[in-house]
Amino acid sequence: MNWPVYWVNNMFDWLKKKIQPPSVQPEPAPEILGLRLGGGFELDTLKLSLLEGQVTFEGAASTQLIQAVGRIILDESHQLLRFYTDDDGFVQVLLDGGTTDDCVAEVKLWYFYQTRPIDGDAAWKALLDHELVQPEWDLDGQDFTKVWDNTRPVAMTETTWLKDGSRSDTDQFVMIYERPLADHQDEVEVLMVAAEEKILHQRAEHSLVLATGIDLGPTDFRFVS
């Protein structure tokens, strides 16, 4: 018996679909509090003006666009989301117990202070073993005190989504410092010191990144797009 050609073709197409595994869709960039890749937000101009001259960063833009999103899984219950902006900084959100808005435990605004390359394995080892963790860190004549009890930098891996659809991983070795703000009761400026390792073209590139930040409350920012 000769089966119609179109029926045979349809049958084989059906078999192929049953045999082939379903295509895996890339994981989208995380979102929280209306913050998303390609979106924007506004900072409260009053808060910025009150902090002017009190913190290390200056000239923060009131409206910022999100150019990239990073995620760091800290443990089974906690993760950090970072929303990198066109103003040389990022908003960092700490999540506790889930990934919805009601799981937000802390929001910080960070600005990059300095990034410098670390050349050679010996310099990289010295940075991790002896330099990155100190009782205090001097920055522009301001003393920041170590916050975490760890005697070694805390290791974490950040996955970053870019607007072009690409994704990359960066290993980070971090210590946090802080100092009180004299004119603002109960407020502090935070210093993040991070040694970063990124694999590019099968080669490790190392750098030291300094960023300073402040806490943001629910009324200190709002998403606009």
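This is a predicted model: local features need pLDDT of at least 70, side-chain atom pairs count only at pLDDT 80 or more; totals for chains, interfaces and linings use all residues.
**Whole chain.** Start with a cartoon view of the protein, which has three helices and twelve strands. Colouring by accessibility will show that 38% of the 225 residues are buried. Of the contacts between residues at least 6 apart in sequence, 55% join residues at least 24 apart.

**Nonpolar cores.** Select Leu 35, Leu 43, Phe 83, Val 91, Val 93 and Leu 109, the residues with the most contacts inside the largest nonpolar core, a set of 24 residues. Two or more residues of this core come from each of β1 (40–43), α2 (45–51), β2 (63–73), β3, β4 and β5. A second core is separate and has 16 residues, among them Trp 124, Leu 127, Leu 139 and Val 193.

Go back to Phe 83 and show what surrounds this residue. Leaving out residues up to four places away in sequence, the residues that Phe 83 touches include Pro 30, Glu 31, Ile 32, Leu 35 and Arg 36. Further along the chain, Phe 83 also touches Ile 66, Ala 68 and Val 69, as well as Gly 89, Phe 90, Val 91 and Val 93.

**Largest pocket.** Strands β3 (78–85), β5 (104–117), β8 (154–162), β9 (167–180), β10 (188–200) and β11 (203–215) each give two or more residues to the lining. The most come from β10, which gives four. Sorted by class, the lining of the largest pocket has eight nonpolar, six polar and four charged residues.

**Second largest pocket.** The second largest pocket has a volume of about 340 Å³. Select Leu 80, Gln 92, Glu 106, Trp 148 and Ile 176, the closest to its centre of the 18 residues in its lining. At least two lining residues come from each of β3, β4 (89–96), β5, β9 and β10. The lining of this second pocket has twelve nonpolar, two polar and four charged residues.

Select Leu 200 in strand β10. Leu 200 is partly exposed because its relative accessibility is 32%, between the 20% and 50% cut-offs. Its C-alpha atom is separated by 9.9 Å from that of Ser 168, 32 residues apart along the chain.

Step on to His 201, in the loop between β10 and β11. His 201 is not a glycine, yet its phi is positive, near 55°. With a relative accessible area of 81%, His 201 is exposed. Gln 202 is in the loop between β10 and β11 and also has a positive phi, about 65°, without being a glycine. Gln 202 counts as exposed, at 82% relative accessibility.

The last stop is His 206, in strand β11. Is His 206 buried or exposed? At 13% relative accessibility, His 206 counts as buried, because the limit for buried is under 20%. Show its side chain together with that of Glu 197: a polar contact of 2.7 Å joins the two. Beyond its neighbours within four places in sequence, His 206 is in contact with Pro 117, Ile 118, Trp 124, Glu 196 and Glu 197.

Terms used:
Residues are numbered from 1 along each chain as its sequence is written. Side-chain values use heavy atoms; hydrogens and water are left out. Ala, Val, Leu, Ile, Met, Phe, Trp, Tyr, Cys and Pro count as nonpolar, Asp, Glu, Lys and Arg as charged, and the others, Gly among them, as polar. On a 1 Å grid over the protein atoms alone, a cavity is a set of points where a 1.4 Å probe fits but cannot get out, and a pocket is an open set with protein on both sides within 12 Å along at least five of seven lines; lining residues have an atom within 4 Å of a point. Grid points are joined across faces, edges and corners, and a volume is the space filled by probe spheres set on the points. Buried means under 20% relative accessible area, exposed over 50%, partly exposed in between (1.4 Å probe, protein chains only). A polar contact is a pair of N or O atoms within 3.5 Å; within protein, one must be able to donate a hydrogen and the other to accept it, and residues adjacent in sequence count only if both atoms are side-chain atoms. Contact means heavy atoms within 4.5 Å. A nonpolar core is a set of buried Ala, Val, Leu, Ile, Met, Phe, Trp, Tyr and Cys residues joined through side-chain atoms within 4.5 Å.
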